[in-house]
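Hi,

Here is the structure I promised to send over. Have a look at it first, and my notes on helix packing and aromatic pairs follow below.

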Amino acid sequence: MINPKEFIDESVKKIKDQIGDEKAVIALSGGVDSSVCSVLVSEAIGDNLTAVFVNHGLLREGEIEQVCGIFEERLTNFKYVDASDIFLSELEGVKDPEEKRKIIGRVFIEVFEKEAEAIDAKFLVQGTIAPDIIETEGKIKSHHNATLPSGMVLELCEPVIDLFKDEVRAVGTELGLPDELVHRQPFPGPGLAVRVLEPLTRENLAICRAADFIVRDEIKKAGLDEMLWQYFAVLTDTKATGVKEGSRDFGYLVVVRLIQSVNAMTATVPEIPWEVLKTISSRISAEVPEVTHVALSISDKPTATIEFA
């Protein structure tokens, strides 16, 4: 485990040496990795950093309001960019998760290079962490921030690339970031795109988003959010017969994933009160018309990965 204070001091010096008097943009998602990077780089280069929060149309319910609410006041140069139509048009009908990641990575860079050009930035700051590289190099799954397209104009600055999630959280606490942000559950860069196993459409994104909100809502109500590393819903590419309003229905199977972890390299599925699980299932089936069946994933990592795709 690193010493957070020593890491911060060393990182600020390295960032100053790398970026100097040039300008930089950071891909700010609101997650702990990019948030910690934004503060580290801001301490190193001040107003020469612009934080860009891109809405790729793959975010969770309420996420845009939450991220903008936190960072509009905390960062001098914060910009919200709604690029959802661009991303979703490129992703329309795509099913393969690796192809989704490649498309998202490419479009992200296109968006950021445009923003960087507007302020004459030379550097792109990313919140890449060690598991992103390990899983990409091990061909477990590629992370879009670790498989950037060739020919990229911007030079990369990745301050926490050698850290694991628990270490990034420790640095965030040392930097004085709020607990709600430091301990926010991890969310994949490609967002809900990798939690929809169907060919991607705006309609099935909406189904996944609605089911995911119910999972998060009930876990928080039950006071289980702090004990869990991640808790979310996956819209599978499987349909099953159900009964709604006394008639046969044929709808989606949604899988609920609830796991505990320390650094994301391993994860376990804890015992969750049956009443909580039943409430989640009942609400998804009742409130999301397209869903007929709800299942629970009970596979640890390994052999499973945390995400389904």
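Let me start with helices H4 (residues 84-91) and H5 (residues 97-119): their axes come within 10 Å and cross at roughly 150 degrees. Axes here are lines fitted to C-alpha atoms, for helices over the stretch in contact, and angles run from 0 to 180 degrees between N-to-C directions. That angle makes H4 roughly antiparallel to H5 (under 35 degrees is roughly parallel, over 145 roughly antiparallel, 65 to 115 roughly perpendicular, the rest oblique). The contact (heavy atoms within 4.5 Å) involves Ile 86, Phe 87, Glu 90 and Leu 91 from H4, and Lys 100, Ile 103, Ile 104, Arg 106, Val 107, Phe 108 and Val 111 from H5. Sorted by class, that is 8 nonpolar, no polar and 3 charged residues.

Before I go on, the housekeeping: this is a predicted model, where local features need pLDDT of at least 70 and side-chain atom pairs count only at pLDDT 80 or more, while totals for chains, interfaces and linings use all residues. Residues are numbered from 1 along each chain as its sequence is written, and side-chain values use heavy atoms, with hydrogens and water left out.

Helices H1 (residues 4-19) and H2 (residues 32-45) also pack, at an angle of about 60 degrees with axes 8 Å apart, which makes H1 oblique to H2. Their contact has 9 nonpolar, 1 polar and 2 charged residues.

Now the rings. A search of the whole structure gives 3 aromatic pairs (Phe, Tyr or Trp rings, the six-membered one for Trp, with centres within 6.5 Å; planes under 30 degrees apart are stacked, over 60 edge-to-face, the rest tilted). One of them is Phe 53 with Tyr 80, a tilted pair at 5.8 Å centre to centre and 45 degrees between the planes. Phe 53 sits in strand S2 (residues 49-55) and Tyr 80 in strand S3 (residues 78-82), so this pair ties together parts 27 residues apart in sequence. Phe 53 is buried at 1% relative accessible area, whereas Tyr 80 is partly exposed at 33% (buried is under 20%, exposed over 50%, partly exposed in between, with a 1.4 Å probe and protein chains only).

Phe 87 and Phe 108 have ring centres 5.3 Å apart and planes at 65 degrees, so they are edge-to-face. With Phe 87 in H4 and Phe 108 in H5, the pair ties together parts 21 residues apart in sequence. Phe 87 is buried at 0%, and Phe 108 is buried at 12%. Ring pairs also link Phe 87, Phe 108 and Phe 112 into a cluster.

Cheers

Definitions and conventions: Helix = DSSP H or I, 4+ residues; strand = E, 2+ residues; numbered from the N terminus. Nonpolar A, V, L, I, M, F, W, Y, C, P; charged D, E, K, R; others polar.
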